[in-house]
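Please look over the structure below before reading the notes. They begin with the whole chain and then turn to single parts.

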Amino acid sequence: MFKQRTEEESVRRTGGDYANQLKLSAGPAGHPKVFKLRVLPPHENMGGVPFVEVDMHFGLGPDGKGAVICPAFFVKPCRVCDLVKKWKDDAEHNDDQREVASLLKRVKECKRKLRVTANVVDMDHPEKGVQRWGFPPDAKKQLRAAFFDKETREQRNITHPQTGRNVIVEVELNAGGWWEYTITASERESALA
């Protein structure tokens, strides 16, 4: 059932409906942008885990900003994966260094990447309701760590509506131009409004 709903969601997303997608932005190195989010508890079909992991392709479409869930995630053929493989092969058999660089750039942009999503409420804009937040696996590790109380050395449920905690997400561009996340849980419990 979960797989079917995820597949249906993939089809819907390819239609361009990103209305409830949380879009964060990054500050310059040394001056991160700060967001206060509340990760919501998993629904009954998520197996007790508030995160969903999928393979995605980015850098698609005429503006290079399109993204889709990779059909290979559902054990189906993927035309983008086939295209990425073709570009790799073309790069290996090409003598024009400019063309090779261009092909390898496209490969890097469009190859399948793991993406994690969670349902969240942006606590600075709660009127927007529940939104999906997509983030890379390294940010997931930090978010998972927020479920661990360093003082008591025990697990805590930061998603609980009454006794959970907000998470503070800092996002900045590192020296290489990539987004870098720092994620910590709030020190105190708070109820969702």
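Accessible areas are worked out by the Shrake-Rupley method with a 1.4 Å probe, and for residues only the protein chains shown count as cover. On that basis the protein chain has an accessible surface of about 12,000 Å², with 53% of it belonging to carbon and sulfur atoms. The model is predicted: local features need pLDDT of at least 70 and side-chain atom pairs count only at pLDDT 80 or more, while totals for chains, interfaces and linings use all residues. Residues are numbered from 1 along each chain as its sequence is written, and side-chain values use heavy atoms, with hydrogens and water left out.

**Whole chain**

- The protein chain contains 4 helices and 10 strands; helices (H or I, at least four residues) and strands (E, at least two) are DSSP runs, numbered from the N terminus.
- Along the sequence, these elements follow the pattern α-β-β-β-β-α-α-β-β-α-β-β-β-β.
- Taken along the principal axes, the C-alpha atoms fill a box of roughly 60 × 45 × 35 Å.
- Of the 193 residues in the protein chain, 35% are buried; buried means under 20% relative accessible area, exposed over 50%, and partly exposed in between (1.4 Å probe, protein chains only).
- Contact means heavy atoms within 4.5 Å. Among contacts in the protein chain with a separation of 6 or more, 59% are between residues 24 or more positions apart.

**Helices H2 and H3**

- Helix H2 (residues 79-92) packs against helix H3 (residues 97-110) at an angle of about 155°, and their axes are 9 Å apart. Axes are lines fitted to C-alpha atoms, for helices over the stretch in contact, and angles run from 0 to 180 degrees between N-to-C directions.
- H2 and H3 are therefore roughly antiparallel to each other, a term for angles over 145 degrees, whereas those under 35 count as roughly parallel, 65 to 115 as roughly perpendicular and the rest as oblique.
- On the H2 side the contact is made by Val-80, Val-84, Trp-87, Lys-88, Asp-90 and Ala-91, and on the H3 side by Val-100, Leu-103, Leu-104, Arg-106, Val-107 and Cys-110.
- Sorted by class, this contact of H2 with H3 has 9 nonpolar, no polar and 3 charged residues. Ala, Val, Leu, Ile, Met, Phe, Trp, Tyr, Cys and Pro count as nonpolar, Asp, Glu, Lys and Arg as charged, and the others, Gly among them, as polar.

**Two loop residues with positive phi**

- Val-75 is not a glycine, yet its phi is positive, at about 55°. Val-75 is found in the loop between strand E4 (66-69) and H2, and its 71% relative accessibility counts as exposed.
- Arg-153, also a residue other than glycine, has a positive phi near 60°. Arg-153 is in the loop between strand E7 (148-149) and strand E8 (154-155) and is exposed, with a relative accessible area of 61%.

**Two strand residues**

- Is Trp-133 buried or exposed? Trp-133, which is in strand E6 (residues 130-135), is buried, with a relative accessible area of 1%.
- Trp-133 and Leu-24 lie 109 residues apart in sequence, and their C-alpha atoms are 8.5 Å apart in space.
- Not counting residues up to four places away in sequence, Trp-133 touches several residues, including Leu-22, Leu-24, Val-116, Tyr-181 and Ile-183.
- Gln-155 is in strand E8 and is exposed, with a relative accessible area of 62%.
- Leaving aside neighbours within four places in sequence, Gln-155 is in contact with Phe-147 and Phe-148.
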